Amino acid sequence: AVDLLRPDEAKRVIQVGSDAGFLTDIDDGALDIHPLLRVFLESKLTEENPRAVNRIVARAVENLIQHKLWDAAFELIQRFSAESVLIKLLEAASDDLLAAGRTPTLRSWISDASDTEPIVQLIAAALAFREGRFHRAQALSALAARGSLTSGDLAARAYLVGARAAHVASHEERAGFLYANARATAESPKLRRIAALGELLVAIELERDDAPDLLRALETSDVVDPTECLILADRRLSFETHLALRVDVERARASAQLVPLVGDPLVRTSLEIFSATRWPQWGIS
């Protein structure tokens with residue numbers, strides 16, 4: 001955690017460690033400790049008071065989480081049986097790992113955690129959704145939302161999973177209700193927008209009177225995130241085709257150029273599938 005030091009101190013520590021053979025540059029400036037030194041330091045750590053060890057490990061894990069070094073954080077948790085910080089890792093890493101399609105990793109991680117924890121129930125719901133078990137996804141997401149009411153964003157994430165599962169299962173009214181709950185509960189602007197995008201799609205499919213206003217509100221706000229831009233483009237296409245309006249083909253083609261910049265496989269394929277089934281002759285995807 002040399003980043004916690006002043007730049008001059010960090011440089012000196014790295015130089016001394018490298019000169020002594022304790023540190024090695026493994027890839028693009030990333031540093032690793034010599035294996036023998038690692039074993040020695042860990043053996044000395046186990047001689048400390050258990051509470052002190054827990055505090056040290058917790059600080060190290062939190063530093064790794066801060067830098068999004070998810071796998072290294074989990075390895076440290078397992079090595080020292082630091083289940084107390086596993087929940088923090090799951091809360092921080094789950095969205096990134098789901099977006100990257102790393103479902104086996106998440107399934108393995110939650111096997112070491114209590115299934116009564118809201119974040120564990122949320123991840124299990126998200127995994128069930130990806131496996132096509134929509135009823136289970138809705139049930140688990142409801143448990144997660146109920147157990148995480150003190151955390152607005154966690155509850156909102158649970159409502160979102162339940163809404164998506166209900167939507168895919170053709171329970172549009174239920175999905176609209178859950179999307180609205182997610183939007184009302186969310187603390188972060190990003191989650192509120194995601195919930196609004198979901199509610200918009202339901203409004204379009206149900207031909208609700210508020211669909212044009214929901215679309216207009218989303219399109220007039222500043223959006224720079226490629227994932228959100230692609231989802232919004234998909235909603236615009238849905239709105240135009242569902243209501244038999246003129247489709248802005250050039251706008252759709254421009255949006256399709258964002259696909260390589262989006263990591264979430266569910267979002268990446270949405271516009272491609274939509275265009276291939278609705279109007280393949282226009283070559284939008």
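Is Phe-74 buried or exposed, and what is its relative accessible area? Phe-74 is buried, at a relative accessible area of 8%, where buried means under 20%, exposed means over 50% and partly exposed lies in between (1.4 Å probe, protein chains only).

The legends below describe a predicted model, in which local features need pLDDT of at least 70, side-chain atom pairs count only at pLDDT 80 or more, and totals for chains, interfaces and linings use all residues. Residues are numbered from 1 along each chain as its sequence is written, and side-chain values use heavy atoms, with hydrogens and water left out.

**View 1. The aromatic pair of Phe-74 and Trp-109.** The search of the whole structure finds 2 aromatic pairs; rings of Phe, Tyr and Trp (its six-membered ring) pair if their centres lie within 6.5 Å, and planes under 30 degrees apart count as stacked, over 60 as edge-to-face and the rest as tilted. Because the planes of Phe-74 and Trp-109 stand at 20°, with ring centres 4.7 Å apart, this pair is stacked. The pair links distant parts of the chain, 35 residues apart: Phe-74 belongs to helix α4 (residues 70–79) and Trp-109 to helix α6 (residues 103–110). Helices (H or I, at least four residues) and strands (E, at least two) are DSSP runs, numbered from the N terminus. Trp-109 is buried, with a relative accessible area of 4%.

**View 2. The aromatic pair of Phe-129 and Phe-134.** The ring centres of Phe-129 and Phe-134 are 5.8 Å apart and their planes are at 55°, so the pair is tilted. Phe-129 is buried at 14% relative accessible area, whereas Phe-134 counts as partly exposed at 24%.

**View 3. The largest nonpolar core.** A nonpolar core is a set of buried Ala, Val, Leu, Ile, Met, Phe, Trp, Tyr and Cys residues joined through side-chain atoms within 4.5 Å. The largest one has 53 residues, and those with the most contacts inside it are Val-61, Leu-89, Leu-90, Trp-109 and Ile-119. With 9 residues, helix α9 (residues 152–168) gives the most to this core. Not counting residues up to four places away in sequence, Val-61 touches Ala-73, Leu-76, Ile-77 and Val-85; contact means heavy atoms within 4.5 Å. A second, separate core has 12 residues, including Ala-211, Leu-214, Ile-231 and Leu-232. In soluble globular proteins, nonpolar side chains tend to be buried together.

**View 4. Salt bridges at Glu-199.** In the whole structure, 14 salt bridges are found, a salt bridge being a side-chain nitrogen of Lys or Arg within 4 Å of a carboxyl oxygen of Asp or Glu. The closest N and O atoms of Arg-183 and Glu-199 are 2.8 Å apart. This pair links distant parts of the chain, with Arg-183 in helix α10 (residues 172–185) and Glu-199 in helix α11 (residues 189–205), 16 residues apart. Arg-183 is partly exposed at 33% relative accessibility, while Glu-199 is buried at 8%. Glu-199 also meets Arg-208 in a salt bridge (3.4 Å, N to O), and Arg-208 is partly exposed at 24%.

**View 5. The salt bridge of Arg-216 and Asp-213.** The closest N and O atoms of Arg-216 and Asp-213 are 2.7 Å apart. Both residues lie in helix α12 (residues 211–219), 3 residues apart, about one turn of the helix. Arg-216 counts as partly exposed at 47% relative accessibility, and Asp-213 counts as partly exposed at 47%. Elsewhere, salt bridges that share partners join Arg-183, Glu-199, Arg-208 and Asp-210 into one network.
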